[in-house]
Amino acid sequence: MTAERGQPRLLDRLGHELRARHYSARTEKAYRLWVRRFILFHGMRHPAEMGEEEINAFLTHLAVQGGVSASTQTQALSAILFLYRHVLRRDVGEMPGLVRARAPERLPVVMTRAEVRAVLAELSNEHWLMASLMYGAGVRLSECLRLRVQDIDFGANEIMVRNGKGAKDRVTMLPASLKAPLGAHLRKAKAVHERDLATGWGRVVMPDALERKYPYAAGDWRWQWVFPQERRWRNPKTGVEGRHHVHPTVLQRAVKVAVARAGVQKNVGCHTFRHSFATQLLESGYDIRTIQELLGHKDVRTTMVYTHVLNKGGRWVRSPLDDM
């Protein structure tokens, strides 16, 4: 991972190529980790000195000795292929003999409407509002936290989800029952933002190169997070202080406590609200293509898993024991 004098390090080059293609920060972090593990596995050899045989050996090790899931192995492969194609400018050929981890055929955990009500009843304030949005609009945790004020359209009852999974934008519904509490929440957030501006702060991190293109937009109310942190955040590079959005672990912990208090015996997390949203729309008779668009799935087969949830366990079949 060392570099010749005047040349950037390999991982820095990897990060540059990922950012140039607008990959997310989470993907960059994961790809850096896998490339580092690949190099360490082969005794710190430079990837330019290796090829298909070494890639095959590393990925097979992950599946056999490491016992990783199919999705984890696929992510590792994607990271290494990106390194060779876009950083080292080499095409990787066939990898015969590669042992692929098997993808388990698991169904998502889904709550009933009664269970959702019970869990939400144990949440309060912005925790309740965020969980309600995940359930009522089908958004992921990260998508909910990254919402900006201008993404909420109260007039059209819509939420614009920007740069979701796969770097795609989509539109989902704004539940009518959340308009009043969300409006009240935003009024409080705006008052905090105005106080920040008055004390010389109040600037938010802007996406991509927009901060250079619109230098005053970072202080504009429309660009602020819907769910800002309580404490201000200082940019270590510029010293500018502002507010980032709520950290995911804050809501994850709150939901875990709420599930326990509600007495729900399922393995429920934040993503379960999204699963429940999709399954209950299917129960209500909405077509699979509409639900696919609301969820932002690239392939309808991903959405089809919720039809299997509805059919599991012979839900509409009467047991012969009940007829005795």
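Are Phe-38 and Phe-58 buried or exposed? Phe-38 is buried, and Phe-58 is buried as well, where buried stands for a relative accessible area under 20%, exposed for over 50% and partly exposed for what lies in between, with a 1.4 Å probe and protein chains only. The model is predicted, so that local features need pLDDT of at least 70 and side-chain atom pairs count only at pLDDT 80 or more, while totals for chains, interfaces and linings use all residues. Residues are numbered from 1 along each chain as its sequence is written, and side-chain values use heavy atoms, with hydrogens and water left out.

The structure holds six aromatic pairs, a pair being two rings of Phe, Tyr or Trp (its six-membered ring) with centres within 6.5 Å, stacked if the planes are under 30 degrees apart, edge-to-face if over 60 and tilted otherwise. One of them joins Phe-38 and Phe-58 edge-to-face, at 5.6 Å centre to centre and with 65° between the planes. Because Phe-38 belongs to helix 2 (residues 25-41) and Phe-58 to helix 3 (residues 52-64), this pair ties together parts that are 20 residues apart in sequence; helices are DSSP runs of H or I with at least four residues, numbered from the N terminus. Trp-34, Phe-38, Phe-41 and Phe-58 form one aromatic cluster.

In helix 4 (residues 70-87) one finds Gln-73, which is buried with a relative accessible area of 1%. Leaving aside neighbours within four places in sequence, Gln-73 is in contact (heavy atoms within 4.5 Å) with residues including Leu-59, Thr-60 and Leu-98.

Arg-117, by comparison, lies in helix 5 (residues 113-121) and is exposed, with a relative accessible area of 56%.

Technical notes:
Helices (H or I, at least four residues) and strands (E, at least two) are DSSP runs, numbered from the N terminus.
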